[in-house]
Amino acid sequence: FPCSDKARDVVDTLVSFARKADCRFRKGQAKRLIIEGGACRGVELDNGETITADAVIVCTGGMSYPLTGSTGDGYAFAEQAGHTVIRPRPSLVPLVSSDGWCADLQGLSLKNCGLKVEDTETGKIIFKDFGEMLFTHFGVSGPMVLSASAHMRSMRPERYRLLIDLKPALTPEQLDARLIRDLNENKNHDFSNSLGALLPRSLCPVVVMLSEIEPQTKCNAVTKEQRRKLGLLLKSLPVNISGFRPIEEAIVTSGGVKVSEIDAKTMRSRLVNGLYFAGEVLDVDAYTGGFNLQIAFSTGAAAGNHVLED
């Protein structure tokens, strides 16, 4: 990030460099590529105007953040040139849950918790992380959740389940000892009022409900088996996932122009001369942390450095 912490300063810097390099800016919406004799020779705008060129770089972004102009039109240009477009889908995106209690926890942020993603069809854990997450009115979000979404390649309702470790610093044995202590300290109180020292207040009713222990059960009446199940719940709180939030809310688009049809060194199309692709329009995506920006800058630099060869 720049010292000002303003993204606009990054844009202004890039524009300044471009102007100093004698780049000319033309405004308009490209309608289609001009392809003649197996080579791209410019673009036609939606107002009928044509711009001829020795080469064209398609760097229109994906489909996330449409207010910036990333509306997916680059995929149509690629298909016009005969390229394969891998179906775009959201990545690094919040997740929708079918569990109604998530909405009850709206605004609750969990820090220093563990997260696993289970593929319910195979029973395999496909992602693990430790960090922060957030409950929302539709499900879950936050840094860990966004990273987890990138691994859910075959999203279908209830295909994936999140398992949240609310007490990752405690082993199951240590957690059981803690539960014994808390229950003993509240032995004459209702179970529903015994978890306040262990969990955030808003989370207590949810855990009580999911534990299947009657809320009015006195703490000294909680059985060893009930306590064991409670411990398992705290180490593996399940959140059923029904889908992604809309792609407009995603940080990055997964999918795009098939990379095997692009020369990785020059970003030149292997199908049409004078045609290049760079940035998120390609079927390349990564975690948060600057990696997607690096993809954009690196592929853009590669295209720009080789475009004069045409």
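Me: How many residues of the lining of the second largest pocket are nonpolar, polar and charged?

Reply: The lining holds two nonpolar, two polar and five charged residues. Here Ala, Val, Leu, Ile, Met, Phe, Trp, Tyr, Cys and Pro count as nonpolar, Asp, Glu, Lys and Arg as charged, and the others, Gly among them, as polar. Bear in mind that this is a predicted model, where local features need pLDDT of at least 70 and side-chain atom pairs count only at pLDDT 80 or more, while totals for chains, interfaces and linings use all residues. Residues are numbered from 1 along each chain as its sequence is written, and side-chain values use heavy atoms, leaving out hydrogens and water.

Me: Which residues line the second largest pocket?

Reply: A pocket is an open set of points on a 1 Å grid over the protein atoms alone, where a 1.4 Å probe fits, with protein on both sides within 12 Å along at least five of seven lines; lining residues have an atom within 4 Å of a point. In this case they are Gly114, Leu115, Lys116, Lys128, Asp129, Leu163, Asp165, Lys235 and Ser236.

Me: Which strands each supply at least two residues of that lining?

Reply: Strands are DSSP runs of E, at least two residues, and helices are runs of H or I, at least four, numbered from the N terminus. Here β7 (109-119), β8 (124-135) and β10 (160-165) each supply at least two, and β7 gives the largest share, three residues.

Me: Which residues of α5 and α7 meet?

Reply: Contact means heavy atoms within 4.5 Å. Leu175, Asp176, Leu179, Ile180 and Leu183 of α5 meet Arg227, Leu230, Gly231, Leu234 and Lys235 of α7. That contact has six nonpolar, one polar and three charged residues.

Me: And what about α6 and α7?

Reply: The axes of α6 (residues 204-211) and α7 cross at roughly 130° and come within 10 Å, so these helices are oblique too. Val207, Leu210 and Ser211 of α6 meet Leu230, Leu233 and Leu234 of α7. This contact has five nonpolar, one polar and no charged residues.

Me: Where does Asp46 lie?

Reply: Look in the loop between β2 (39-45) and β3 (50-52). Leaving aside neighbours within four places in sequence, Asp46 is in contact with Gln29 and Lys31. Its C-alpha atom is separated by 36 Å from that of Phe1, 45 residues apart along the chain.

Note on methods: Axes are lines fitted to C-alpha atoms, for helices over the stretch in contact, and angles run from 0 to 180 degrees between N-to-C directions. Angles under 35 degrees count as roughly parallel, over 145 as roughly antiparallel, 65 to 115 as roughly perpendicular and the rest as oblique.
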